[in-house]
Amino acid sequence: MLEYTSISELVQEAEKRNIRISELVLEDQALSMEKTSLEVYEQMELSFHIMMDSVKEGMKKDQRSTSGLTGGEGFLMNEYAGKGEGLSGIFMTKAIARALAVAGCNASMGKIVAAPTAGSCGILPGCLVSLYEDRGFKEDDIIMSMFTAGAFGMVIAQKASIAGAQGGCQAECGSAAAMAAGALVELMGGTPSQCADACAMAISSQMGLVCDPVAGLVEIPCIKRNVSGLAIAFSSADMALAGISSKIPVDECIDAMREVGEALPASLKETAGGGLATTPTGRKLRDQVFGSKGV
Amino acid sequence: MNVFDIIGPVMIGPSSSHTAGAVRLGRVVNKLIDERTLKKVEITLSGSFAQTYKGHGTDKALLAGIMGYKSYSPEIRNALEIADERGIEYSFNKENISGAHPNTARIHYYLDDGSDGVMQGASIGGGNILVNQINGMTVEFNGDNNTILVMHEDKPGVIASVTNLMHWEHEDLNISNFRLSRLHKGGEAIMTIEIDNPPPDSLVDDIRGIDHVINAILIRRV
């Protein structure tokens, strides 16, 4: 069985056997979970369907967060995307709308799939639902690619962290973007080592990103950081597919991410003690939701 | 860890620690209550739970879990209304529980048969929980496994009797974690026994029949 402590090991094994990383991971996970490959695949299929439902839910015009601080971002972006005048093109603007929608669905107590966390749940569906709905990719290929994303996430979780409280936002949105980048490359027909390169470049692009949620809530800036994560996933995947490699190998990028996460002060790791959370407006918004008295 | 710990869990937002983990803490109380009828809960929130519970729906999540809903149940959103309909009284208080994990809740439940109980636990990240106290005694389990709590008198041989019974009568039961705590020497003590496989229904009754055992409860994985 696989250990998931090194992405390069996954790449080598897949390339040796001339299969996709996702095929290797599905086979291994079925073995370790004592289930059939079909059962494990079907569980992932269910997750993809929930992701599509979250997109729809978060696109609604009246979507509002429980705190009242955010809402309607997915709707606004989708309207804008529909006009076809977006600077980053119709495909990207629609993908951005989907990431906003899923993150907004989460903030309004909707049903989501944590990927890898609730705070970063918009990135993977933003990427994958866009390839499915707007680029004609087959559903079973999309679902398979989620095993590659999941495997990369498992390595990051074991070697570094996927929790904002431990590693900052690089551990949440950073990991999500790195996972999505790998999945996108595999879907586009890239090699396993190109998947790893995309993952490495996505991690490098968000190295050091802090977790500074206003009022401690998974809303500001989390919802919009799902969009930056999505953009980095696409750009990292495109670079890898163009033949650009990461100069720092992916496993070393993950080690660096852990070190940087450890070096970040506690105030910038999900405690709402710094960054945007303690700006004058950040404090005002906190008081607006919770009143000025703490415990 | 498996791939669905990363692509998952499927949950009601917005926070794995403040919402999904809170539901699971509530579910531990649901298992303690078992089939009996709940009348009232007093929920004490500490640390970050106390400061941000409204924005994260932690109050709804805890109450939903106590009523038996899961972290992906849409009913979480309407948990307060559902509790009202079921005639369950509830209150939320803020208090700094000294030395506790930042996301700690203490749930005092009252049943219609006049009995009550207290559970204290923490949501430690990613939807994972750690139960710290039951009825004032220290325990330590995370709800991922089937857990048996055995309340007993602190007398020599009780642990051996319980584990022997588990092994001889149900030989495929494997203990994955064991912890003992007691109030004082010779006083009341509690064993926390986590097991890999689902236990047979008769096990808890059998354990209750052992000398010096006061009570035994099975908490199936939450």
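**Figure 1. The antiparallel pair formed by strand 9 and strand 10 of chain B in the predicted model.** Strand 9 of chain B, residues 175–182, is joined by 7 bridges to strand 10 of chain B, residues 188–195, and the two run antiparallel. Within this pair, N177(B) stands opposite E194(B), the latter belonging to strand 10 of chain B. The two strands form a hairpin with 5 residues between them, and in the turn G186(B) has a positive phi of about 80°.

**Figure 2. Strands 2, 4 and 5 of chain B, with strand 4 pairing with strand 2 and with strand 5.** Strand 2 of chain B (residues 38–47) and strand 4 of chain B (residues 103–111) are paired in the antiparallel sense over 9 bridges, and the bridge partner of L45(B) in strand 4 is A105(B). Strand 4 of chain B also pairs with strand 5 of chain B (residues 116–125), again in the antiparallel sense, here over 7 bridges. In this second pairing R106(B) has Q120(B) of strand 5 as its bridge partner. Strands 4 and 5 of chain B make a hairpin with 4 residues between the strands, in which G114(B) takes a positive phi near 90°.

**Figure 3. The interface of chain A and chain B.** Here 40 residues of chain A are in contact with 30 residues of chain B, and the two chains bury about 2,700 Å² between them, 71% of it on carbon and sulfur atoms. On the side of chain A that touches chain B, helix 3 (37–58), helix 5 (89–107), strand 1 (111–113) and helix 7 (139–159) each supply at least two residues, and the largest share, 9 residues, comes from helix 7 of chain A. The residues on this side of chain A divide into 27 nonpolar, 12 polar and 1 charged.

**Figure 4. Strand pairing between chain A and chain B.** Strand 1 of chain A pairs with strand 1 of chain B, residues 10–12, in the antiparallel sense over 3 bridges. V113(A) stands opposite V10(B), which lies in strand 1 of chain B.

**Figure 5. Backbone geometry at two cis peptide bonds and at E34(A).** Most residues other than glycine have a negative phi, and most peptide bonds are trans. In chain A, the peptide bond from I220(A) to P221(A) is cis, with omega near 5°, and P221(A) has its place in the loop between helix 10 (192–205) and helix 11 (222–241). In chain B, a cis peptide bond with omega of about 10° joins G13(B) and P14(B), and P14(B) is found in the loop between strand 1 and helix 2 (16–33) of that chain. E34(A), although not a glycine, has a positive phi of about 55°, and this residue lies in the loop between helix 2 (21–32) and helix 3 of chain A.

Figure 6. Over all chains, the structure holds 21 salt bridges.

Definitions and conventions
Residues are numbered from 1 along each chain as its sequence is written. Chains are lettered from A and ligands numbered from 1 in the order in which they are written. This is a predicted model: local features need pLDDT of at least 70, side-chain atom pairs count only at pLDDT 80 or more; totals for chains, interfaces and linings use all residues. Side-chain values use heavy atoms; hydrogens and water are left out. Contact means heavy atoms within 4.5 Å. Buried area is the accessible area (1.4 Å probe) that two parts lose on being put together, summed over both. Ala, Val, Leu, Ile, Met, Phe, Trp, Tyr, Cys and Pro count as nonpolar, Asp, Glu, Lys and Arg as charged, and the others, Gly among them, as polar. Two strands pair if DSSP finds at least two bridges between them. A salt bridge is a side-chain nitrogen of Lys or Arg within 4 Å of a carboxyl oxygen of Asp or Glu.
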